[in-house]
Structure formats: structure tokens, C-alpha cells
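Subject: Structure handover

Hello,

Please find the structure below. My notes on what was found follow it.

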Amino acid sequence: MRSGAFSPRPKEAHEQDILARLENPTLKHTHGVKRQCPLTDKLEHFSFVSGYPPDLIHNLFEGIVPY
């Protein structure tokens with residue numbers, strides 16, 4: 001494996017780390033996971049592992065504002 005290369009983390013592994021943290025609040029983190037991403041709670045189709053949050057400025061100025 002070359003330097004800087006890594007394999008993407010599966011969504012299921014991330015969710016398991018969040019659950020482990022919720023079940024045992026005395027843990028500071030599990031595999032670097034400290035808490036649930038607030039965007040995942042608010043946005044139905046967003047996942048911390050597989051996506052980025054919507055870009056509001058891009059959506060407005062490339063989408064609705066020109067009309």
C-alpha cells in the first residue's frame with residue numbers, strides 16, 4: 001500500500017462505532033468517532049461516510065436564483 005492511500009470506511013462500521021459510543025458514554029471515542037454527525041439527524045439522505053452536505057450557495061445561484 002502506498003503512502004496516503006486508505007480504504008474507505010463502510011457505513012455499517014461507522015454506525016456501530018456511534019452505537020458503541022451511545023451505549024457507553026464513558027468512552028471518549030471509538031475509532032475516532034466521538035458523536036453522531038448533526039447533519040445525519042437533520043438530512044434524510046445524507047451520510048457522513050458517503051456524502052458531503054448540500055452546498056446551499058451552489059444550489060441557490062446555479063438553481064433557483066437565475067429563474
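The mean pLDDT of the chain (the predictor's confidence in each residue, from 0 to 100) is 79, and 88% of the residues reach 70 or more. Where pLDDT is low, the predicted coordinates should not be read in detail.

This is a predicted model, in which local features need pLDDT of at least 70 and side-chain atom pairs count only at 80 or more, while totals for chains, interfaces and linings use all residues. Residues are numbered from 1 along each chain as its sequence is written, and side-chain values use heavy atoms, with hydrogens and water left out.

The chain has three helices and zero strands, in the order α-α-α from the N terminus. Helices (H or I, at least four residues) and strands (E, at least two) are DSSP runs, numbered from the N terminus.

Of the 67 residues, 12% count as buried (under 20% relative accessible area; exposed is over 50%, partly exposed in between; 1.4 Å probe, protein chains only). I57, in helix 3 (residues 56–64), is exposed because its relative accessible area is 51%.

The largest pocket is lined by residues including K11, H14, Q36, C37 and F46. Helix 1 gives the most to this lining, with four residues. A pocket here is an open set of points on a 1 Å grid over the protein atoms alone, where a 1.4 Å probe fits, with protein on both sides within 12 Å along at least five of seven lines; lining residues have an atom within 4 Å of a point.

Regards
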